[in-house]
Amino acid sequence: MTAAHPKQQEHHLGGAHAALSDDVLRLRDATEDVFLSTGEQLLEVSDLLSAALAAVDSLAALGREDVMDRLREQACTQPETFADLSTGFHEIFGRIKGLNDMILTLDKEVSSVRRSVMTTRFVMVNARVVLSSMLIQEQRLSSLTDDGSRIVGQMQQLLHQFEGAIRGIRASVTQVEHMIGEVGATVNGVVCTAFGALIADVSEFERNVRAIAGASDEMARQVQAIQSATAQAVEGLQVGDATRQRLEHVANILETMTGDGGLLPPMAATLLTDAAREQSGSLARLESNIAVLTDSLQTLVDKHLADFAGTTDHALDADTLLDGSARIAQTLETVRPMQERTRELDRMLHEELDQFNALTHEGEEVQFNIKQIGMNAVLACARLGDDGTPLKVVAEQIQFVAQDTSDSFARIRETMLRIGTLGRQITTESEEIITRSIQVPTTLSMRINPLIERVVHDLSPLQTVIGKIRGRVARLEFDFAPARAHTERLGDLAARLPRGTGSGDPQSHDVLAQIYACFTIEAEREIFSHFYPDDAANFRAGQHQAEETAGDVPDDDFFF
């Protein structure tokens, strides 16, 4: 078998080294991507933890500020304020009861007038009977009975209107009473309940803020411990930089060596083997550190951050406070239409009272006419002498009934004055109490809402960071398969390099000096010293002498 020509052999080795060099460079270029995802996740976690520490400090500051004291102060004044409103509604209901009693009295007086009118009508019938026996006087006195009958008819019509007016007054008062009751029930029930719920939420929130703020030191220590673990994990990623440098150096060796490379191929193989060993160890430590980090993050979420998700007894849910404030605004919107409706009912009541007053005035005029008829009948009887005696009894009865009716109208007018005064008082107070029913919650809201908004503003960054941490931990997943495969490829490349005695062509001094100069990792120089001990000693001595010489040269600035 013919031996290969030296030139052909050198060409063959050069091609193999070039192909191997290309593989080394490709693995070098892939090194960054292998650890990039892990590094990005760790940096994101580190940033979130830094933000969490700042937010925890703000929570501790919130627990020390007087904003929570002011919230509690508003919580203490709220029951007293609504108690005053409740008392006001109770007083109005008492006055409405008094008004209803007066209306009953008025109804009785109108009934008394009706009885008097019925009596007058009966008397007029008797007068006609009496006049029928007094033929000589029939023409003169018949006009009195005709006028009396007509006026009695007028009074009966008025009584129908009286009764309708009383029904209208009673209906208006009933509607006012119902509306006041509805407003009172809404304020005492819905609005007060909404405020009570908000104040309870505020009180619980205040207790929870102080409880969690008191534990903020422990939370901060936990976050700092996780930060330290994160820093260690990030430090472990530096092995990627070291591996990338070694691959760069191995590629440089393969590109610069001549012939079969002598000792360089086994040295390059040793460099790759050492890089694989170091990366494998660092990867194992990195996986261990990240496992601890992941467990610590999960503990932080489950134990310390659960308060911010509403899953513990000390939940900080600022949205609940905002929702409670919004519910109060909604309840007030239900009261505002009632205010306008109450005003309308008050106007209706005043109109009913004015109408009844007008009827009373008209009734008094009719009653006066009846009384005048009685007086005229008495005078007519006096002129007739003994012939007028039968009619005198009837005339006196007319006067008696007219006086009784006059007394009833006087009492009606007096009662109407009292009803009008009390009615105006009720409408005024009802307007005031409904206005207060809107103003009191509005004022309380104006005092409480800025405090709630302040708390939410201070707490929002913390809850945002906590939410991000919870979400990030839930999605946290580290894939070390690419790094393991990368480590295996390091070993594969090392196996492809020859590990002979290196007795081939020696390398020039300049090539070895160039290779030694690019070695910045101490382990690489130790490996170089193993293969080229004399050259390594010379290079180290020369480097040391160069450093001493550089130290003896003064700065140029010294001469200026």
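**Exercise 1.** Decide whether Arg 167 is buried or exposed.

*Solution.* Start with the cut-offs: buried means under 20% relative accessible area, exposed over 50%, and partly exposed in between (1.4 Å probe, protein chains only). Arg 167 has 53% relative accessibility, so Arg 167 counts as exposed. Helices are DSSP runs (H or I, at least four residues), numbered from the N terminus.

The model is predicted: local features need pLDDT of at least 70, side-chain atom pairs count only at pLDDT 80 or more, and totals for chains, interfaces and linings use all residues. Residues are numbered from 1 along each chain as its sequence is written, and side-chain values use heavy atoms, with hydrogens and water left out.

**Exercise 2.** Classify Thr 360 and list what it touches.

*Solution.* Thr 360 sits in helix H7, residues 318-384. Its relative accessibility is 1%, so Thr 360 counts as buried. Now take contacts (heavy atoms within 4.5 Å). Leave out residues up to four places away in sequence; Thr 360 then touches Phe 162, Phe 409, Ile 412, Arg 413 and Met 416.

**Exercise 3.** Check the span of helix H9, then find where its buried residues lie.

*Solution.* The expected span is 1.5 Å times one less than the number of residues. Buried in H9 are Ala 483, His 486, Thr 487, Leu 490, Leu 493 and Ala 494. Seen down the axis, these buried residues fall within an arc of 120 degrees, so they line one face of H9. The arc uses the directions from the helix axis to the C-beta atoms. On the other side of H9, Glu 488 and Ala 495 are exposed.

Definitions and conventions
Helix = DSSP H or I, 4+ residues; strand = E, 2+ residues; numbered from the N terminus.
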